[in-house]
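Please read the points below with the coordinates open, and check each against what you see.

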Amino acid sequence: MNGNGKAHPPNQNGNTANGNGNGHSSEHNGNNGNGHKTGFLAGSLPSRPSRTQPTRYAHIVGWGMKVPDKVVTNADLEAVVETSDEWIRSRTGIQERRIAAERDSVVSLGFEAARNALDRADILPTEIDLIIVATSTPEDIYPSTACKIQNLLGATKAGAFDLSAACSGFVYALNMASQAIRSGSIEHALVIGTEVNSRVMDWNDRTTCILFGDGAGAVVLTSSEDPGGLLSCVLGADGSGADLLGIPTVGYSALPEGKLLHKLHMNGREVFRFATHIIHESIEEALEKADLKMADVALIVPHQANQRIISAAARSLNVPEALFYSNLHRYGNTSAASIPIAMCEAEREGRILPGDNVVLIGFGGGLTWATAVVQWHKVAPPKPQGMSYKLSQSRREVLYVFAFWRDKFLKSYRRWEARLKGSPTKTANMRQEKGKPADAPPTPARRPDAAKAERKATPEPEKELEKN
Ligand code: COA
């Protein structure tokens with residue numbers, strides 16, 4: 001795979017044309033080219049596929065979604081802002097959206113979607129090596145949403161992180177996870193898009209609050225020798241449009257005028273213009289990289305922002321609008337969750353079949369965009385039925401219960417360990433010395449005259465300021 005996700009036809013070694021798949025010579029990365037580590041970096045890098053190792057492809061083998069139960073219709077919004085069902089339908093195509101209940105969170109929705117995807121893939125959470133969550137509405141800046149979902153799933157082997165690329169986040173994450181699989185460093189990955197947009201809405205702003213909804217979607221990716229899976233990917237960004245769409249948070253020196261902390265703002269007209277041309281351009285680029293033509297595409301699953309954006313993109317690409325899957329009339333714009341949710345529903349409706357070439361296209365804040373061409377696995381995943389499926393389903397359920405108690409155990413273990421062992425840094429000056437009152441100064445570690453000399457050499461900040 002090249003730097004932007006294109007799957008070059010690999011050579012016999014399973015590597016791309018530059019010799020080792022990452023553009024560096026094997027002397028420099030400490031790998032002798034047959035999977036054995038040599039030289040100064042030995043032990044610090046994962047081994048690459050050996051000459052005899054087969055080419056690896058990253059296939060989507062499981063998918064799942066979760067939306068909140070609460071439906072909010074356009075008519076319901078008429079009571080909140082000055083708008084009408086007719087305006088919203090005709091300008092956006094949206095009829096209703098799902099809004100998270102008090103008990104729902106970005107983590108709980110993402111967790112449910114992940115469970116459904118694992119069920120469909122019929123693999124255990126303990127087999128997952130990597131979890132990437134695309135979200136713009138995390139509970140915390142850190143810890144990541146991915147870590148919290150990892151803990152709930154009991155995916156004890158998995159590394160986990162969040163990825164911030166707004167509504168393009170899911171396709172960005174899909175590309176990152178697929179590349180990790182193709183490089184040989186992992187076997188199974190979980191990619192989740194999850195959002196609670198309703199919590200960052202300014203419910204007085206009729207130009208934004210009518211557009212967004214909550215939900216989550218997830219996919220399981222697995223390494224396979226069967227050609228297919230992610231065929232190509234185009235990732236793009238244009239930070240000159242950063243002010244067009246965003247959710248300000250704490251890092252500003254001063255919050256830009258007219259913007260509210262933790263509330264979404266958007267210049268709808270400019271975003272609309274950007275979206276229509278970027279869909280066309282990036283789909284053509286991704287198809288070219290995959291050596292495919294538009295006629296080879298069974299379905300395009302676009303980010304679900306506005307039906308008028310989808311219609312304009314279909315006109316501009318000169319394809320029937322029906323080639324684009326759309327379910328935004330039911331969910332509105334669920335940001336990073338919209339593509340996996342749409343993909344799940346398209347598959348359920350029989351719009352995606354084994355072996356189909358499917359294009360996923362995301363665009364949004366940043367500005368960012370991401371387009372992936374995916375060949376759906378030719379082998380359909382097992383139907384959720386039969387004795388062996390039920391057995392592994394029960395094993396997953398047991399693991400979730402185990403994860404719940406593991407979390408409780410580890411938390412109380414940490415508390416007891418802290419109480420019994422005290423500070424882990426035995427020689428720290430801060431540690432209360434035995435027999436001394438808590439407020440007594442610590443015994444100096446050096447000769448006092450050394451500290452005095454040091455103080456003399458360091459000018460006092462207040463005095464320096466006065467001098468100036
Ligand atoms: N109900 C009723 N009237 C509304 C309204 C609402 N919810 N929102 C805006 N209006 C009004 C405006 O105030 C304006 O009134 P004015 O002419 O008296 O000033 C009028 O409708 C037209 O506004 P305009 O902004 O030109 O509408 P539009 O046709 O561009 O549609 C969006 C607005 C937001 C639906 C459209 O620009 C859009 O979908 N943009 C892309 C947004 C998007 O997808 N963002 C996410 C990308 S990830």
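In which loop does Leu-367 lie?

1. Leu-367 lies in the loop between E12 and strand E13 (368-375), where helices (H or I, at least four residues) and strands (E, at least two) are DSSP runs numbered from the N terminus. The peptide bond that joins Gly-366 to Leu-367 is cis, with omega at about -10°.

2. A word on the basis of these remarks: this is a predicted model, in which local features need pLDDT of at least 70 and side-chain atom pairs count only at pLDDT 80 or more, while totals for chains, interfaces and linings use all residues. Residues are numbered from 1 along each chain as its sequence is written.

3. The protein chain averages a pLDDT of 85 (the predictor's confidence in each residue, from 0 to 100), and 79% of the residues score at least 70. Over residues 1-47 pLDDT stays under 50, and for this stretch the model has 72 contacts beyond four places in sequence; two residues are in contact if their C-beta atoms, placed from the backbone, lie within 7 Å.

4. The sheet that contains E12 and E13 is open, with four strands in the order E8-E13-E12-E11 and mixed pairing, two strands being paired if DSSP finds at least two bridges between them. Its edge strands, each pairing on one side only, are strand E8 (229-237) and strand E11 (297-302), and the twist averages 15° from one strand to the next. E11 pairs with strand E12 (residues 357-364) in the parallel sense over five bridges, and Ile-300 stands opposite Val-359 in E12. Helix H10 (residues 338-348) packs on this sheet, touching E11 and E12, and its direction makes about 140° with that of E11; axes are lines fitted to C-alpha atoms, for helices over the stretch in contact, and angles run from 0 to 180 degrees between N-to-C directions.

5. Another open sheet has five strands in the order E1-E7-E6-E4-E5, again with mixed pairing, and its edge strands, which each pair on one side only, are strand E1 (57-66) and strand E5 (159-163). Here the twist averages 20° from one strand to the next. E1 and strand E7 (residues 214-224) pair in the antiparallel sense over nine bridges, and Trp-63 has Val-219 in E7 as its bridge partner.

6. Two helices deserve a look against that sheet. Helix H3 (residues 106-121) packs on the sheet, touching E1, strand E4 (130-134), strand E6 (188-196) and E7, with its direction at about 125° to that of E1. Helix H4 (residues 145-153) lies across E4, E5 and E6 and runs at about 130° to E4.

7. The loops beside these helices hold two backbone features to inspect. Asp-122, in the loop between H3 and E4, is a residue other than glycine with a positive phi, near 55°. Pro-143, in the loop between E4 and H4, is joined to Tyr-142 by a cis peptide bond with omega at about 5°.

8. The axes of H4 and helix H11 (residues 387-421) come within 6 Å and cross at roughly 115°. Asn-151, Leu-152 and Leu-153 in H4 meet Tyr-400, Ala-403 and Asp-407 in H11.

9. Which residues come nearest to the ligand? Of the 17 residues around it, these are Thr-83, Gly-268, Phe-272, Ala-305 and Gly-364, where near means that the C-beta atom, placed from the backbone, lies within 6 Å. Helix H2 (85-92), helix H6 (206-209) and helix H7 (268-289) are the elements that give two or more residues to this shell, and H7 gives the most, with four residues.
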